[in-house]
Protein chains: 4
Amino acid sequence: MSSNLVLRFRAADRPGIVARVASLVASLGGDIRAAEVFGDPDTGGFFCRMELGSPIGRDGLTAELQPIASELGLEWDVKDLAQKMRVLIAVSKFGHCLVDLIHKQEIGQLPIEIVGVVSNHEAMRKTVEWHGLRYHHLPMSDGKEAQEARFLQIIRETDTELTVLARYMQILSDSFSVALDGRCINIHHSFLPSFKGAKPYHQAHARGVKIIGATAHFVTADLDEGPIIEQDVRRVSHAITAAEMVAIGREIEASVLSRAVRWHAEHRIFPNGNKTVVL
Amino acid sequence: MSSNLVLRFRAADRPGIVARVASLVASLGGDIRAAEVFGDPDTGGFFCRMELGSPIGRDGLTAELQPIASELGLEWDVKDLAQKMRVLIAVSKFGHCLVDLIHKQEIGQLPIEIVGVVSNHEAMRKTVEWHGLRYHHLPMSDGKEAQEARFLQIIRETDTELTVLARYMQILSDSFSVALDGRCINIHHSFLPSFKGAKPYHQAHARGVKIIGATAHFVTADLDEGPIIEQDVRRVSHAITAAEMVAIGREIEASVLSRAVRWHAEHRIFPNGNKTVVL
Amino acid sequence: MSSNLVLRFRAADRPGIVARVASLVASLGGDIRAAEVFGDPDTGGFFCRMELGSPIGRDGLTAELQPIASELGLEWDVKDLAQKMRVLIAVSKFGHCLVDLIHKQEIGQLPIEIVGVVSNHEAMRKTVEWHGLRYHHLPMSDGKEAQEARFLQIIRETDTELTVLARYMQILSDSFSVALDGRCINIHHSFLPSFKGAKPYHQAHARGVKIIGATAHFVTADLDEGPIIEQDVRRVSHAITAAEMVAIGREIEASVLSRAVRWHAEHRIFPNGNKTVVL
Amino acid sequence: MSSNLVLRFRAADRPGIVARVASLVASLGGDIRAAEVFGDPDTGGFFCRMELGSPIGRDGLTAELQPIASELGLEWDVKDLAQKMRVLIAVSKFGHCLVDLIHKQEIGQLPIEIVGVVSNHEAMRKTVEWHGLRYHHLPMSDGKEAQEARFLQIIRETDTELTVLARYMQILSDSFSVALDGRCINIHHSFLPSFKGAKPYHQAHARGVKIIGATAHFVTADLDEGPIIEQDVRRVSHAITAAEMVAIGREIEASVLSRAVRWHAEHRIFPNGNKTVVL
């Protein structure tokens, strides 16, 4: 088997789709090693992800599948797991998610290639450059429109497939969000939908919750309202100050964000309206 | 040692309070077996709970402490752990929290005496009476005012110390909430402050969260806004329907509510503005 | 669609199995609504579970699949989700898992029919009979061999598909374990493989662990060594006594056991050597 | 108030200890801001930790308390929270715990001063030196005795208060362990007491557990048997390979170890026989 591929598709549910696709894969010598199929009873959406060993590569399989995919009305793609996803990271002053992503990438835990780091501050330059990565300082002083235009240009120039907002403390314009639809993941430092907006740990502290959390979600034009990919939580008590919540939260944020990035890089996440399916 | 007591107090923080109280306890032959002290840096509130072995009983210790408590401006009480808290449970049609509380009381896991069960439905009568408990059917058809008056009368007649809303699906009047201030615990079937109000699991499902939860809180006039006592959560996935969330949530609700009831019966919970301190 | 079926199989991994099976299902008008496929890279075992809407029922689909299953060397079956699994529960003196299973069955959370309760004690008779279930007292005073013979006879007479040891504090003979291979689930009150054998919470307390747990596993001749189905845990502290661990543990045990029973009743669990695959 | 101190002591339980100590503190103008007292019913041991605002500093308070401490037979000390604990980190080839500790120290989340890093390999030198820390390469090729002698010498020369084995893959000699008794924390990459010794994730994978974990414990002469300080866990499934468990486990290890180090640096941990009390 020359290639380790992921074939995934979504379709309107109708009988026979899996059979048709699996049969074609088999006829081409492909071997399904793992698969998951989910039919959403609420929307009728039908989602499938298959891991294949395949004697023909990504492009070949794509060409072969094209006719059947058209006939069945699939929204689909084939990915080669050997080809690492190109990721651009955006950060402001807090480096905990950035450091975690870089470390996990370096030790082989994340199937990504970090193509650079964008920041509205200089704070992380030294760290980023020491790891041999390119640092793009995009100050807000240039104006939001110019800054975002430059940001989008970097995304294009670097062939970025996924932009990760790793505590990038800027509100994006609608047009920027739309341009990156489904290709931009943010980490919000609360257990959404609780505590949207600014200073969520301080909000959580003021409300007296007994558990805090973090949420990785796709960026959409609605701030903190995009489809949720992953969440996690940690217990706190009355004795934990807001500042301590911030510290505890950093671990949750880094962990949740890195899982969302890994799942995306493994081609596991399907947007499903305002929700996600993770297969 | 004749008695196993809990002495607890709150005060404005000022030096020497613990020393004064501990010294008086020691002079009376009391033995501190466990204690926790928490000074809230935000409010200056100072909270203390001590478990004592004491040669004199609750009433004796109360009398001895009265002068020093007045002098120091303590809000305080002494409780005898041998005296089980008198609990009235309110329920509508769903019995999972009720059954859990009764079972835990019967096997000695909750230091409470259940003085009866109130319901706006007849659904749980058979279960309750089989366990030898009194069932009070208070239908809403009598009108909310009359119904709540009867509810309060039962609380008084049974010397109820704590009223537990164990999935009692009625919105309480302000006056009822105020009358039970600090003596009424509700279980809300969401991870507050997310998903207040009706059908929280359906709200959670619609939002696509990856973790659901439940919250035990003191009842106040603001619906689902009272001080949070305890919360817990469980992971869900895209494949979990709203109905399955309801089922998974039942376990969380019963577990969280029984912990809140136990802590209250062990005299561990201090309201602290819109928050709680649990010692 | 007349039937809601589960088709599951395991096989030695070789290309084309999913395609063959899915194609036959499709040719019979069946509709795959959810599916999961797992190939174990360590053993080469290949596991598949499909939920189908099918115009032909369980027996019909079984007959149609027989030739292909033989050809492909599948270990397989078809189940009708409308047909509740017949479950016999065994218990000694502690009723928390029993009460939890009965309650969840009664409110429709477990797709099982409880065909009776077996016990070496009389302690749970009243509870069981109040719920309208048959209670079989099988005292150990008759001798282990006779007692187990009677137990097996009840399993046969009631057409029991799954025997659940819900804190049944008897060590089973090898022959009994072998007779129920893959059809008997036990709850062990520790996070296996830690603290096998008697009084695990007391072992955990003596060791000073900070987290306790419970484990549901298939019963095999090796005590507490069978394939693990599900585990869960809860944090404890130095201040938690062994008796309190027992109390906390009851909730974990009931929760873990009910999940294992539900998964088995939904035909999700595949033994895989000394491990399980849960699809 | 000039100083933010921690006063902690353990004693044989007898009435009046808290009163005596708190009274002396009060008479010196000290202000108890938080405190916790735990009497172990199994051993009769009595543990107390107080956070104090104090007009006199650490040395002054120590001198004043000496007579009463002697009289009461306390094992005790006073610590100044402004004085960061001096920590030496030992590591082999895996840097995830090291990187995490350094990052948390740098952003002010750990009240420690890292006095250097010891390693039997060169792998981490570049990282450590980039952060401005001293790297001591102590190869095992010198022989275990000489290597440990040099290690102990570095501990002495750097006034190390806590040695952290952050995935230091060497078995320590008994004499080394004894020399660091209560001043050396190890992270073991399993949920102890399960899976002691080498390759615990591979052991966990082979056993088919559904939850994996990590354990921080004091080092004693008995390998992986020292008093447990903290543990945490993460769910896994049949689909997680041993290599993926290693990756998931890294996060748990770093998180658990950093909590143990923080608690130690905040003077919260009391060894209690083969267990710990964390106040």
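The model is predicted, so local features need pLDDT of at least 70 and side-chain atom pairs count only at pLDDT 80 or more, while totals for chains, interfaces and linings use all residues. Residues are numbered from 1 along each chain as its sequence is written, chains are lettered from A and ligands numbered from 1 in the order in which they are written, and side-chain values use heavy atoms, with hydrogens and water left out.

**Chain A and chain B: extent**

- Contact, meaning heavy atoms within 4.5 Å, joins 33 residues of chain A to 33 residues of chain B.
- About 2800 Å² is buried between chain A and chain B, and carbon and sulfur atoms give 55% of that area. Buried area is the accessible area (1.4 Å probe) that two parts lose on being put together, summed over both.
- On the chain A side, the residues that lose the most area to chain B are A:Arg207, A:Lys210 and A:His238, together 26% of what that side buries.

- The interface of chain A and chain B holds 4 salt bridges, each a side-chain nitrogen of Lys or Arg within 4 Å of a carboxyl oxygen of Asp or Glu.
- A:Arg207 forms a salt bridge with B:Glu225, at 3.8 Å from N to O.
- Helix 7 (200–207), strand 11 (228–235) and strand 13 (275–278) of chain A are the elements that give two or more residues to the side touching chain B. Helices (H or I, at least four residues) and strands (E, at least two) are DSSP runs, numbered from the N terminus.
- Strand 11 of chain A supplies the largest share of that side, 7 residues.
- The chain A side that touches chain B has 15 nonpolar, 8 polar and 10 charged residues. Ala, Val, Leu, Ile, Met, Phe, Trp, Tyr, Cys and Pro count as nonpolar, Asp, Glu, Lys and Arg as charged, and the others, Gly among them, as polar.

**Chain B and chain C**

- Here 17 residues of chain B are in contact with 17 residues of chain C.
- Chain B and chain C bury about 1400 Å² between them, with 56% on carbon and sulfur atoms.
- There are 2 salt bridges between chain B and chain C.
- In the salt bridge of B:Lys104 with C:Glu251, the closest N and O atoms are 2.4 Å apart.
- Helix 3 (96–106), helix 4 (125–130) and helix 8 (242–265) of chain B each give two or more residues to the side that touches chain C.
- Helix 8 of chain B gives the most to that side, with 6 residues.
- By type, the chain B side that touches chain C divides into 4 nonpolar, 7 polar and 6 charged residues.
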